[in-house]
Amino acid sequence: MQNQEIVTFQNVRKSYFLGEVEIKALNDISFSVQKEKFTFIVGKSGSGKSTLLNLIGAIDAPTSGDIIINDIMIETLNDDALSDFRAKHIGHIFQNFNLMPVLNVYENIEYPLLMINEDKNSIKEKVTKMIEDVGLKGLEKHIPSQLSGGQRQRVAIARALVKQPSLVLADEPTANLDSKTSGEIISLMRQMKDKYKTTFIFVTHDRDILDVADETYLLKDGVLEVRDVK
Ligand SMILES: Nc1ncnc2c1ncn2[C@@H]1O[C@H](COP(=O)(O)OP(=O)(O)OP(=O)(O)O)[C@@H](O)[C@H]1O
Ligand SMILES: [Mg+2]
């Protein structure tokens, strides 16, 4: 039978060292996320949420323990293989959107496909379709400063999904949005999950959006507890 786990952490620890002082950001975390789940990780500021998400996204490496994503043991990859792995398998939605200010909507969404050398026709087709999917038709030529917060977040979602990664990570995706817009953005992500069979992992402070989660974890002082599984 095919492995249904997309993310597995085995006894993962992450410490930061400031001179002699060790800051234990994550303390012996073991958990796994199944494919096609909508998983939320909540926790107070400083509890280690971004650290955890950056380990899942292979942006950062653990101090000890094993991380397996898509059946690949991350520590076995060298730098080139790691960049390749991230470009192909992971879509990252950052808290502050991280759009490129001089690129317009179309170009921002196209960018990840240029990075993986897709052919020109296929790029045009995928980007155009994704712009429609996230409801940005007609705004292709706008640059980020000419968009509302909700529209920018739609661009960030489209950019994360356009290469159809198996895993999308979102750090506080609704932090800068009013409650109506944040509801719309979350339901858009849910639709995209169903359509593209993507796994989503969110970290958030926003307790209002937890109703839509398939499973919720609480991160407290670097320790992860299951809070709710539907
Ligand atoms: N580069 C770093 N060097 C030293 N300490 C760090 C570094 N990054 C994070 N930390 C520490 O690790 C702990 C966890 O930080 P992290 O950014 O993961 O928290 P967070 O839950 O994402 O917080 P927030 O909700 O405020 O974004 C904090 O105590 C933080 O001060
Ligand atoms: Mg954070």
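Student: How many residues does helix α6 have, and what does it reach from its first C-alpha to its last?

Tutor: In this predicted model, α6 covers residues 179-196, which makes 18 residues. The helix reaches 26 Å from its first C-alpha to its last, close to the 26 Å expected at 1.5 Å a residue.

Student: Which of the residues of α6 are buried?

Tutor: The buried residues are Thr181, Ser182, Ile185, Ile186, Leu188, Met189, Met192, Lys193 and Tyr196. Seen down the axis of α6, they fall within an arc of 155°, so they line one face of the helix.

Student: Why do residues three or four places apart point the same way in an α-helix?

Tutor: An α-helix has 3.6 residues a turn, so residues at that spacing point the same way.

Student: And which exposed residues are on the face of α6 turned away from the buried side?

Tutor: That face carries Ser179 and Lys180, both exposed.

Student: What do the buried residues of α6 pack against?

Tutor: Their partners are strands β3 (38-42), β6 (90-93) and β8 (199-204), together with helices α4 (120-133) and α5 (149-161).

Student: What is found at the start of α6, and what follows the helix?

Tutor: At the start, a side-chain oxygen of Asp178 comes to within 3.0 Å of the backbone nitrogen of Lys180. After the helix comes Lys197, which has a positive phi, near 55°.

Student: Staying in that region, where is Thr174, and is it buried or exposed?

Tutor: Thr174 sits in the loop between β7 (167-171) and α6. Its relative accessible area is 3%, under the 20% cut-off, so Thr174 counts as buried.

Student: Which residues does Thr174 touch?

Tutor: Not counting residues up to four places away in sequence, Thr174 touches Gln153, Ser182, Ile186, Thr204, Asp206 and Ile209. Ser182 and Ile186 are also among the buried residues of α6.

Student: Changing topic: which residues surround ligand 1?

Tutor: The surrounding residues are Tyr16, Ile23, Ala25, Lys44, Ser45, Gly46, Ser47, Gly48, Lys49, Ser50, Thr51 and His205.

Student: Which polar atoms lie by the oxygen atoms of ligand 1 in the case of Ser45, Ser47 and Thr51?

Tutor: For Ser45, a polar side-chain atom lies 2.6 Å from an oxygen atom of the ligand. For Ser47, a polar backbone atom is 3.2 Å from a ligand oxygen. For Thr51, a polar side-chain atom lies 2.5 Å from an oxygen atom of the ligand. The protein covers 62% of the 630 Å² of accessible area that ligand 1 has on its own.

Student: Which elements give two or more residues to the shell around ligand 1?

Tutor: These are β2 (21-34) and α1 (49-56). The largest share, 3 residues, comes from α1.

Student: How many residues of α1 are buried, and which are they?

Tutor: Helix α1 is mostly covered, with 6 of its 8 residues buried. They are Lys49, Thr51, Leu52, Leu53, Leu55 and Ile56. Just after α1, Ala58 takes a positive phi of about 55°.

Student: Next, Thr8: where is it, and what does it contact?

Tutor: Thr8 belongs to strand β1 (residues 5-18) and is buried, with a relative accessible area of 13%. Its side chain makes a polar contact of 3.1 Å with the side chain of Glu5. Leaving aside neighbours within four places in sequence, Thr8 contacts Phe31, Ser32, Asp66, Ile67 and Ile68.

Student: Lastly, is Lys124 buried or exposed?

Tutor: Lys124, in helix α4, counts as exposed, at 54% relative accessibility.

Methods. Residues numbered from 1 in each chain as written. Chains lettered and ligands numbered in written order. Predicted model: local features only at pLDDT ≥ 70, side-chain atom pairs only at ≥ 80, totals over all residues. Heavy atoms only, no water. Helix = DSSP H or I, 4+ residues; strand = E, 2+ residues; numbered from the N terminus. Expected span 1.5 Å × (residues − 1). Buried < 20%, exposed > 50% of the residue type's maximum accessible area, 1.4 Å probe, protein only. Arc of directions from axis to C-beta. Contact = heavy atoms within 4.5 Å. Polar contact = N/O pair within 3.5 Å; in protein donor to acceptor, adjacent residues only side chain to side chain. Near = heavy atom within 4 Å. Areas by Shrake-Rupley, 256 points an atom, 1.4 Å probe, with all protein chains shown as cover.
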